[in-house]
Structures are given as C-alpha cells and as structure tokens.
2 protein chains.
Amino acid sequence: MKQEQCIELAHGAGGKSSRRLIEQVILAECRNPLLEPLADAAIIEWDKTRYALTTDSYVISPLVFPGGSIGELAVNGTVNDLAVSGAKPLVILSSWILEAGLSMEVFQREVKAMARAAKAASVIIAGGDTKVVEHGKGDGLYITTTGYGLVEPGVNLGPHRVEVGDKILLSGPIGDHGITVLLARGEIELEATLQTDSRPLWPIIEPMIRLEPAAIKWMRDPTRGGLASVLNELAHDIGFGIMIEEESIPIRQEVRGACEILGLDPLHIASEGQFVAVVDQKKAVDFQKLLNDIPGGEEARIIGVISNKPPGKVVALSGYGGSRMVDMLIGDPLPRIC
Amino acid sequence: MKQEQCIELAHGAGGKSSRRLIEQVILAECRNPLLEPLADAAIIEWDKTRYALTTDSYVISPLVFPGGSIGELAVNGTVNDLAVSGAKPLVILSSWILEAGLSMEVFQREVKAMARAAKAASVIIAGGDTKVVEHGKGDGLYITTTGYGLVEPGVNLGPHRVEVGDKILLSGPIGDHGITVLLARGEIELEATLQTDSRPLWPIIEPMIRLEPAAIKWMRDPTRGGLASVLNELAHDIGFGIMIEEESIPIRQEVRGACEILGLDPLHIASEGQFVAVVDQKKAVDFQKLLNDIPGGEEARIIGVISNKPPGKVVALSGYGGSRMVDMLIGDPLPRIC
C-alpha cells in the first residue's frame, strides 16, 4: 500500500492509518516475537512468572473534561492495558512533557489527579521523568505512563485461541469517553449530561479470571478507533468472521444522538472504561451474569459470535434482519481523545 | 521555598529547579517507598528477583546532532538508567508523540536509529504507542522510552551505603553531549570535531559488577545538570562532603574551550555515555584498572573522595592548592539537550 509522505492526524487515531504506520515503519524495523502480537501489553516471562509491561502517551485536549482529566486518564488508560492482558496492575511510571508557561496550578492539579487515580486503581507510582519544552512547542502538558503488572496464573489470551462459536462479551455502554471529549471542546452545540467512562477495569476483570481464566480467550479495551477497530483487528488476525447484533450493544442516548448529528458511527467512538472479550460459548452466560452482579458490570452484554464467514470481516446485524459491514475507522473525526 | 507560578525551562534542566519541582509537587502528592529514593530506576522485588523499571522522555532539539539522534539517544539514555542501577537491560518500550506534518522520512530514520541502538545495547523493543498532535502543538517528535532490566545478584546501591573515605570513580570525559548539542544548534561559532558520547554503559559496568558488586555503593549517569548536579544530590542525601580534584576530571579541549567562551562550568554539562560511581576505597584502584583495560573505559579516573566536611556540599580542589564550592545547576543554559 502507498505510504504517505507526512505524518497526519489520522496516523494517531487508532484506525487503519495507525495500524499501517505501525506495521510498515515500526514493525518493519523492530520485528521480534515480543513486539509482533501488537497487543496492549508485552508479556515477559521470567522464572515461570509472567509480567506485563505497557506504555502509552496521553495528548488529550482539553486537559479537563466532564468526569475526568489527563492525569487521571493517564493512569486508567495504562492500568487497563494491563487488565485486558489478564495482569493485575502493580506499578505506574509517569513521564511529563510540560510546555513552558503552563500554570503551576494546572500541573499540580494533574499530579493530584494522577495520585488519586493510582490510589483508586491500587497501583504505586514508582518513578518518572519531567521535561520542559519552550512555549509554543507543546500544548500545556503531555503525559506518558508505563504500567507493570503480574499476569494471573491460568490466563492465556491471544487471537490464536479464538474459535468459531466463541461469544463476544462487552462490559458496558460504548462511546461515552469520545463523545464527552468532543462536547467538551465546544465544537458542537448539544445539551448532554454525558461524562467520560474512564475507570480502572481490573475490579471487573479479576472476578472473571477467578471464575475460569481458561474460558477467556482474548480481551481488548475499545479506546481509539472504538469497538469497530478492535474487532476488525481481531477478525484480521484470526481469519474468521465476527457477527455482532447491533441492538445488543449498549449505547447511551446522548452518544447515539451526537453520532447522528455528526454522521459518526458509535462503533468508532472511544471508550476508556470498557472491555470486549471473546469467551468460550459454554461459559459466556456465566460470565455475563457474574459481571451483571458486580458494581460497574451491570450493563455487560453478549453482543456477538465468532463465525465462519465472512472471513476476516466484521458484520453487524440489525433488528430488522438487515446487515452491514463494519469497517475500521478511516481518517480521524476525533483527534486527541486520549 | 517559594514556588513559581508557571513552569519554566529550568524546571526541566535537571538542576535545582527540577529537584524542587519533583520534591514539592510530585513527591508531595505521590510519596511512597518505591518513588522516594528519586533514583534513576525503580527497583521492584518479586520472588527474590529484583527488576529495575525506568522511563524518560526525550525532547532534544535538534533531532540529529554529530554522533547521534533522538531515536538512538532514547534507547541509550534509558538503558543507562538501568545500567547505573546495576541492572542488565532487557527490554525497551517506546512511545512517540508526532507532530502532524513531520516528514515520514524523518520518522522512519528515527525508528531505524532506535532499532540499531537497541540491537547495539542488546535490548528488545517489546512495545510502544504512537500519538499525533496538530501541527504547531509539538516540535517534530518527542519519544518516551521505558526500560526494564534485571538487577544483578549482589548489587546493593544507594546513598545509605556511602561512607567517608569511599572513592569517586568517573568513567571518562564529561560534557561531550551537552556541548555537541549546543554547537549543533549553530548558536555559537566554534570549530570543533566534537560528537555526542551517547552509548550504552552496560558493557563497561557489567565487568565491575562481576569483579565485586558489593564494593560498588552508588552509581549515576551525569546527564542533565552534569556531574555537579549528581554529586550535589549525593552530598545532600548522605550529609557528608564530597571533595573532587579538578585536574583529575577528564574534559576534552573542545568542551573546555566552549565552556570558557560561554561562561559555563564543564561540571554542569551533560554527558550521555559516562557514569560516576562511589566505590569502596580498597577496591577503587582495581576498578579503575579494570575499566582502563576495557574498550570505552580507557579514560576512567578516580576523581575524588567522600569526606567528613563540608557536610552536604561538593568542593573542587584545583592543582594550585585552591578550592571552590561546586553548586547545582541553576537556571537552564542548555535547554532540551535530552
């Protein structure tokens, strides 16, 4: 495929362009068995113990939005990459790129937000770095966090485990975060009480692992690029089809409304506090019931199934018997949402 | 001490302002036993094995300079934070913040530089992230790398181990990196063939650990803020004095010349391929000899001693019998050198 001459916003949006950039530039130069899965976290085995290691940069704009802020998101986003890897989050490192002229109050507020989020997620902030760039060479502040955790015994996740008939389980309503940030920018006029869904996922993932780790086959959090992008990446990796029932996917009215006005597909909108899992069909109902009984898992639903066809594609079935292909996000309708 | 109202470049320079920002804001909110040493890497013990974890953001300008570039520096800087913690570097993660409009060629060049540096340092690039910000909200590219390594058995480093009489060992000439970057900016006219000293330090630190790990008591790499800042931090932490012999400190003629012209103290100028260690006095000569026989350690010297006084301060003795107090860097004469 042709490569662009310049970096564009879409390269950071988590959709097709992001994937191509990573495959054609980063993977091409740095290919190795640890990197190759392009998973949310790298799994490093030592003395029969498996550790998960992940890093993410946060460049969200604005820094504060209903229900959260960059300092809090930088913890939750990273601990969730560990959680969907089946790893109990233990430690966070944070590296700050500050723009000269940033008010000390804003910096302090975000350090406090990070400390609060770390406490809520039961992780320790063990280190970090602080750099300052000239005024005009940044945008207030950027944070990069690294997460380190311990993969639970019995966890075995990966596209290679996914089989036809497995069910797709979603932890709750999608798109809250993306639409909240969009509205916070004030670019569209819409009355909504929506707030980000940013939260640590380990408290709802751990009970699933305690119930039966081997029945969980694959997990991701649908952040940049939304549910559509993570499911398309999965379909591409496994070569099977994915059928989802559109009506079973929980989407809040505010998210649906904003998407209609803007011509966006809610399946492309980022969540920051949900996960999607592929689970053994025989255990799917048990997992859903388990989640529905836990605070924060009440709206979990089985939303689809792994099917023989169409190979490598995602299809959404509507309540009226129709169907549509669900593609990955192309372009970037919502830049800098994390 | 009074706190500034805004973030300034000096807050990122590695000197007094940086230390104050970290102590008054980050440590104040996030205090815990893992973070508190404010060391180059956090040491995490699990099942009697110690792992070292570190993260650093790289915002160096320009992106390319004689002998190196940001992609290569982002590997060496981070693996060296592991090495001076006595940890064999194993794995690197890299997170990129790209400015829209950056040429794809530049991005590819730096990914290649990173891959080469990782190979040279025998570390695997196991994961990462890529974000894009609008044109004008960055400066080409920023990289944050995370390093993960294994602390060697027998290693026990920390200010608590330092005693009066211990010797200070420096691995080679200081200031090459800082002055190279300054000259690369073209802000001063000076003919010099200088290049960055950026390199992985593990190949010269590992043999010292093999010789006698217990005799190495403390180690740092004198990057931002230079040798003066790391020694002042040590003096502050141990409460003893540090006496260094100015004439024993290897400094290249080009570095000395540039510092004279600019009114800078070479002890404040960053290196990216040197370390300073406090070692048992009985083993100091053995360590120096060992280093002098290894490629890359030829210019290692014993440069000073831990003394009873002046408590918490660093004093430099000149060849003529004079002495001067060596303070931490104040302000930022050389912004964005890493």
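Visitor: In which loop does P310(B) lie?

Guide: The structure is a predicted model. In it, the peptide bond from K309(B) to P310(B) is cis, with omega near -5°. Most peptide bonds are trans. As for its place, P310(B) lies in the loop of chain B between β12 (301-307) and β13 (314-317).

Visitor: Which residue does a cis peptide bond join to S61(A)?

Guide: The bond in question has an omega of about 0°. The proline concerned is found in chain A, in the loop between β2 and β3 (64-65). The residue joined to S61(A) by this cis bond is P62(A).

Visitor: What is the phi of D47(A)?

Guide: The place of D47(A) is in the loop between β1 and β2 of chain A. Most residues other than glycine have a negative phi. D47(A) is a residue other than glycine with a positive value, its phi being near 50°.

Visitor: Which residues does T223(B) touch, not counting those up to four places away in sequence?

Guide: T223(B) belongs to the loop between β9 (216-220) and α6 (226-238) of chain B. Its C-alpha atom is separated by 24 Å from that of C6(B), 217 residues apart along the chain. With sequence neighbours up to four places away left out, T223(B) touches A270(B), S271(B) and E272(B).

Visitor: How far apart do the C-alpha centres of domain 1 and domain 2 of chain A lie?

Guide: The domain assignment of chain A places domain 1 at 39-151 and domain 2 at 159-326. Their contact takes 23 residues from domain 1 of chain A and 21 residues from domain 2 of chain A. The C-alpha centres of these two domains lie apart by 24 Å.

Visitor: What percentages of helix and strand does the span 163-314 of chain A have?

Guide: The UniProt record, an unreviewed entry, annotates residues 163-314 of chain A as "domain: PurM-like C-terminal". It also annotates residues 40-151 of chain A as "domain: PurM-like N-terminal", a span with 28% helix and 47% strand. The end C-alpha atoms are 13 Å apart for residues 40-151 of chain A and 15 Å apart for residues 163-314 of chain A. For the span 163-314 of chain A, the content is 34% helix and 17% strand.

Visitor: Which residues of domain 1 of chain A lose the most area to domain 2 of chain A?

Guide: The two domains of chain A bury about 1,700 Å² between them, with 61% of it on carbon and sulfur atoms. On the side of domain 1 of chain A, three residues together account for 30% of what that side buries. They are P66(A), N80(A) and V84(A).

Visitor: Which element gives the largest share of the side of domain 1 of chain A that touches domain 2 of chain A?

Guide: Between these domains there are 8 residue pairs in polar contact and 1 salt bridge. On the domain 1 side, α2 (70-83) and β5 (87-99) of chain A each supply at least two residues. The largest share, 8 residues, comes from α2(A).

Visitor: What is the distance between the closest N and O atoms of D40(A) and R220(A)?

Guide: A salt bridge requires the nitrogen and the carboxyl oxygen to be within 4 Å. D40(A) and R220(A) form such a pair, with their closest N and O atoms apart by 3.0 Å.

Visitor: Which residues of chain A lose the most area to chain B?

Guide: The contact takes 72 residues from chain A and 72 residues from chain B. About 6,400 Å² is buried between chain A and chain B, and carbon and sulfur atoms give 68% of this area. Together giving 11% of what the chain A side buries, the residues that lose the most are I7(A), M104(A) and K131(A).

Visitor: How many residues does β6(A) give to the side of chain A that touches chain B?

Guide: Across the interface of chain A and chain B there are 10 salt bridges, and 28 residue pairs are in polar contact. Among the elements of chain A that each supply at least two residues to this side are α1 (16-30), α3 (104-120) and β6 (124-133). The most comes from β6(A), with 10 residues.

Visitor: Why does the pair of E134(B) and R336(A) join two chains?

Guide: The side chains of E134(B) and R336(A) meet in a salt bridge, at 2.5 Å from N to O. E134(B) lies in the loop between β6 (124-133) and β7 (141-151) of chain B, while R336(A) lies in the segment after β14 (323-325) of chain A, so the pair joins two chains.

Technical notes
Residues numbered from 1 in each chain as written. Chains lettered and ligands numbered in written order. Predicted model: local features only at pLDDT ≥ 70, side-chain atom pairs only at ≥ 80, totals over all residues. Heavy atoms only, no water. Domains from an automatic or database assignment. Contact = heavy atoms within 4.5 Å. Buried area = accessible area lost by both parts, 1.4 Å probe. Polar contact = N/O pair within 3.5 Å; in protein donor to acceptor, adjacent residues only side chain to side chain. Helix = DSSP H or I, 4+ residues; strand = E, 2+ residues; numbered from the N terminus. UniProt positions renumbered as here; feature names shortened; annotations may be inferred.
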